[in-house]
Amino acid sequence: MKVLVTGGAGYIGSHTVRQLVKSGAEVTVLDSMVYGHPAAIVDSQVKLVKGDLGDAAIVYPLLQEGKFDAVVHFAAFINVGESVENPLKYYENNIAKPLVLLKAMLLAGCRKFVFSSTCATYGVPTQIPIPETEKQDPINPYGGSKFMLERVCKDCDRAYGLKSVFLRYFNASGCSEDGLIGEDHDPECHLIPNVLLAIKGERPGLTVFGTDYDTPDGTCIRDYIHVDDLADAHLKALDYLMKGGETNWFNLGTGLGLSVKQIIDAAEQVTGKKVPVTYGARREGDPPRLIADARKAKEILGWEAKCKDARHIVETAWKWETGPHGGHY
């Protein structure tokens, strides 16, 4: 199977590329390197193309010449706070630029598309755990941009027969078990690496936004899913499409909720060090609880998260932070 992976030098993309290579797929990565890292592509047989997703002069020939069976699309901006402050940046990058990719796919006869979506498309849910039948009502431009691209893909199926799978992630976390690749965002917007960076002294401390939520300890609860489990879901989604599956969408999570304080406790247990914490006011756009109902992925894709232990997730992240790379490429 020949697969094009956009954003394949990023966090989740690079972990998925490794699993695709192990499965025997022939992989080409397209990445602008705005947030990606060439060093995250550790398999020499992967073809790496540096280019912008919205650059038709690069994307059209790449699809025509590559003769890909499918495209896995990760390339996106992901910072919720930034999306509120600069929505046009997110609408351009997360909606307009993928339209170039979809047009190129149609011209090249490639009609299988796996899309890295998000639970942020649900906004503030009316039920916990959240099923795929929950109304999508995003409360920030990041979630809105992902929701809009899902709509585009559904329309492309009706009009052109382009089949898509949308994978609605909950909180991606952890790093590869061998510590070879990991999470390195600039700026870092995910909780676990920020906790560990604070422990390492690479940031002055950790601010916890809100301690008065309607949760057992007052802090937000999220569903933390290990990045290798996310990668495995993409392989299963590809297999589903290659076997003739129709356009579909799936939540990816463990079904278990962990609070911010529980993550901090796990990090202190793993590292044996205290996290320097400051408690602040709530942050705009943060729902109190987000937990996945991922039964549909199990029933249709045969996928289920294997790693459900907070300490193990943190252990893999700490291995990356303290390994040869020191948490940075």
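Helices and strands are here DSSP runs, a helix having at least four residues and a strand at least two, and both are numbered from the N terminus. On that basis, Pro129 falls in the loop between strand 5 (112-118) and helix 5. The model is predicted, and the points below are grouped by topic.

**Helix 1 and its surroundings**

- Helix 1 is made up of 12 residues and spans 18 Å from its first C-alpha to its last, which is close to the 16 Å expected at 1.5 Å a residue.
- After helix 1 comes Gly24, with a positive phi near 100°.

**Packing of helix 1 against helix 7**

- Helix 1 (residues 11-22) packs against helix 7 (residues 227-242) at an angle of about 60°, and the two axes are 8 Å apart.
- The crossing of helix 1 past helix 7 is right-handed, and the residues in contact include Ile12, Thr16 and Leu20 of helix 1 together with Leu230, Ala231 and Leu235 of helix 7.
- By class, the contact of helix 1 with helix 7 comprises eight nonpolar, four polar and two charged residues.

**Packing of helix 4 against helix 5**

- Helix 4 (residues 87-108) and helix 5 have axes that come within 9 Å of each other and cross at roughly 20°, and since angles under 35 degrees count as roughly parallel, helix 4 is roughly parallel to helix 5.
- Helix 4 also passes helix 5 in a right-handed crossing, where residues including Tyr90, Tyr91, Asn94 and Leu102 of helix 4 meet residues including Tyr142, Ser145, Met148 and Tyr160 of helix 5.
- The contact of helix 4 with helix 5 has 15 nonpolar and three polar residues, with no charged residues.

**Two buried residues**

- Ser145 belongs to helix 5 (residues 141-160) and counts as buried, its relative accessibility being 0%.
- When neighbours within four places in sequence are set aside, Ser145 is in contact with Tyr90, Tyr91, Asn94 and Ile95.
- Leu53 sits in the loop between strand 3 (47-50) and helix 2 (56-66), and at 8% relative accessibility Leu53 counts as buried.
- Leu53 and Leu101 are separated by 48 residues in sequence, yet their C-alpha atoms are 6.8 Å apart in space; with neighbours within four places set aside, the contacts of Leu53 include Leu101, Thr6, Leu30 and His73.

**Backbone geometry in the loops**

- The peptide bond that joins Ile128 and Pro129 is cis, with omega about -5°.
- A cis peptide bond also runs from Asp186 to Pro187, with omega near 5°, and Pro187 lies in the loop between strand 7 and helix 6 (191-200).
- Met33, although not a glycine, has a positive phi of about 70°; Met33 is in the loop between strand 2 and strand 3 and counts as buried at 16% relative accessibility.
- Lys67, also a residue other than glycine, has a positive phi near 50°; Lys67 lies in the loop between helix 2 and strand 4 (70-73) and is exposed, with a relative accessible area of 63%.

Terms used:
Residues numbered from 1 in each chain as written. Predicted model: local features only at pLDDT ≥ 70, side-chain atom pairs only at ≥ 80, totals over all residues. Heavy atoms only, no water. Axes fitted to C-alpha atoms, helices over the stretch in contact; angles between N-to-C directions. Left-handed = near helix turned anticlockwise from the far one by under 90°. Contact = heavy atoms within 4.5 Å. Nonpolar A, V, L, I, M, F, W, Y, C, P; charged D, E, K, R; others polar. Buried < 20%, exposed > 50% of the residue type's maximum accessible area, 1.4 Å probe, protein only. Expected span 1.5 Å × (residues − 1). Parallel < 35°, antiparallel > 145°, perpendicular 65-115°, else oblique.
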